[in-house]
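Visitor: I have this one open on my screen and would like to walk through it with you. Could we take it piece by piece?

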Amino acid sequence: MSDLPGIVITGASGRMGQMLIRTVGESDKARLVGAVERTGHDWVGQDLGEAMGGAPNGVIVTDDPLEAFSGAQAVIDFTAPAATREFAKIAAQARLTHVIGTTGMDDDDIAALKPCARHAVIVRAGNMSLGVNLLTQLTKKVAQALDADWDIEVIEAHHNKKVDAPSGTALMLGEAAAEGRGVSLEDNRESGRDGITGARKHGAIGFSAIRGGDIVGEHDVLFAGMGERIILRHVATDRAIFARGALKAALWGQDKRPGEYDMLDVLGL
């Protein structure tokens, strides 16, 4: 067992944190060696298994990422942009594979990862599932085949606790559509419609966000032409798909050279 890659989970108490903990704990290809929470959180100093309402597992939750990372080979991080930036610096110092599923990162946040990627493997993706990454490729191919007379709208739905919009996955799909068209998403993005907005801009790539209940994640890419529509869709019903993808990325990164990668690299797509 000791020769299996050791994995640390940040944001241990969150929905994804707990799902990741269970996924790694059940894996025969990795071992859970650390869990990180923010300073002052009730879980800090507790046995992780007991904090999750189960039997002790010997992993003590810490608010010191340097301590947790020092005995690991990878860290899986679904937290917040500011926290991810700090974790990236420490992961680079420790030469860990850093798997990032954090959403809501802006251009400055992403740029801050580049120096870290000179020393560590960073796998960052808006979505870790196989299905969504296949959808991304399909979106790019359809956008390549259709001209700007076809309106593109990315429609996403998530649970009512999600704090960012559009979702990281929606932006990933928008980027794929823009790439397929050979344009910049930044210059062609249209979102947040309200009131008298005027007609849709020709060639715009639109975003619509729905928030409600316990929706895990639903993404549609709508190509709307005159008299016909094409809809590409992915529906997630279990967060375990993201956890399994993240673990796959952490294992994949073990023999790779430092650099920035995404799930298309991991899946060979």
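Visitor: Where is the place of Thr-23?

Guide: Thr-23 sits in helix 1, which covers residues 15-26; please keep in mind throughout that this is a predicted model.

Visitor: Is Thr-23 buried or exposed?

Guide: Thr-23 counts as buried because its relative accessibility is 13%, and the cut-off for buried is under 20%. Leaving aside residues up to four places away in sequence, Thr-23 touches Ala-243, Arg-244 and Leu-247.

Visitor: And Arg-22, where is that found, and how exposed is it?

Guide: Arg-22 is also a residue of helix 1, but with a relative accessible area of 37% Arg-22 is partly exposed. From C-alpha to C-alpha, Arg-22 and Ala-243 are 8.9 Å apart in space, although 221 residues separate them in sequence.

Visitor: Which strands does helix 9 lie across?

Guide: Helix 9, made of residues 240-252, lies across strand 1, strand 3, strand 4, strand 5 and strand 11, and it runs at about 155° to strand 4.

Visitor: What order do the strands of that sheet have?

Guide: The order is 2-1-3-4-5-11 in an open sheet of 6 strands, and the pairing is parallel. Strand 2 and strand 11 (259-261) stand at the edges, and because each has a single partner strand, one side of each is left without a neighbour in the sheet. On average, and ignoring direction, neighbouring strands of this sheet are turned by 20° against each other.

Visitor: How many bridges are there between strand 4 and strand 5?

Guide: Strand 4 pairs with strand 5 (residues 121-124) over 3 bridges, in the parallel sense. Within this pairing, Val-99 stands opposite Val-123 of strand 5.

Visitor: Let's move to helix 4. How many residues does it have, and how far does it reach?

Guide: Helix 4 runs over residues 81-94, which is 14 residues, and reaches 20 Å from its first C-alpha to its last, close to the 20 Å expected at 1.5 Å a residue. It lies across strand 1, strand 2, strand 3 and strand 4, and its direction is at about 165° to strand 4.

Visitor: Which of its residues are buried, and what do they pack against?

Guide: The buried residues in helix 4 are Pro-81, Thr-84, Phe-87, Ala-88, Ile-90, Ala-91 and Ala-92. The buried residues of this helix pack against strand 1 (6-10), strand 2 (31-36), helix 3 (65-69), strand 3 (74-77), strand 4 (97-100) and helix 5. After helix 4 comes Arg-95, with a positive phi near 60°.

Visitor: New topic: where does UniProt place the active site?

Guide: The unreviewed UniProt entry places the feature "active site" at His-158 and Lys-162. In the model, His-158 lies in strand 6 (residues 151-158), whereas Lys-162 lies in the loop between strand 6 and helix 7 (168-181).

Visitor: Why do both count as buried?

Guide: His-158 counts as buried because its relative accessibility is 8%, and Lys-162 because its own value is 19%, with the cut-off at under 20%.

Visitor: What do they touch?

Guide: Not counting residues up to four places away in sequence, His-158 touches Ser-167, Ile-210, Arg-211, Gly-212, Ile-215, Val-216, Gly-217 and His-219, while Lys-162 touches Thr-103, Ser-167 and Arg-211.

Notes. Residues numbered from 1 in each chain as written. Predicted model: local features only at pLDDT ≥ 70, side-chain atom pairs only at ≥ 80, totals over all residues. Heavy atoms only, no water. UniProt positions renumbered as here; feature names shortened; annotations may be inferred. Helix = DSSP H or I, 4+ residues; strand = E, 2+ residues; numbered from the N terminus. Buried < 20%, exposed > 50% of the residue type's maximum accessible area, 1.4 Å probe, protein only. Contact = heavy atoms within 4.5 Å. Expected span 1.5 Å × (residues − 1). Pairing = 2+ DSSP bridges. Axes fitted to C-alpha atoms, helices over the stretch in contact; angles between N-to-C directions.
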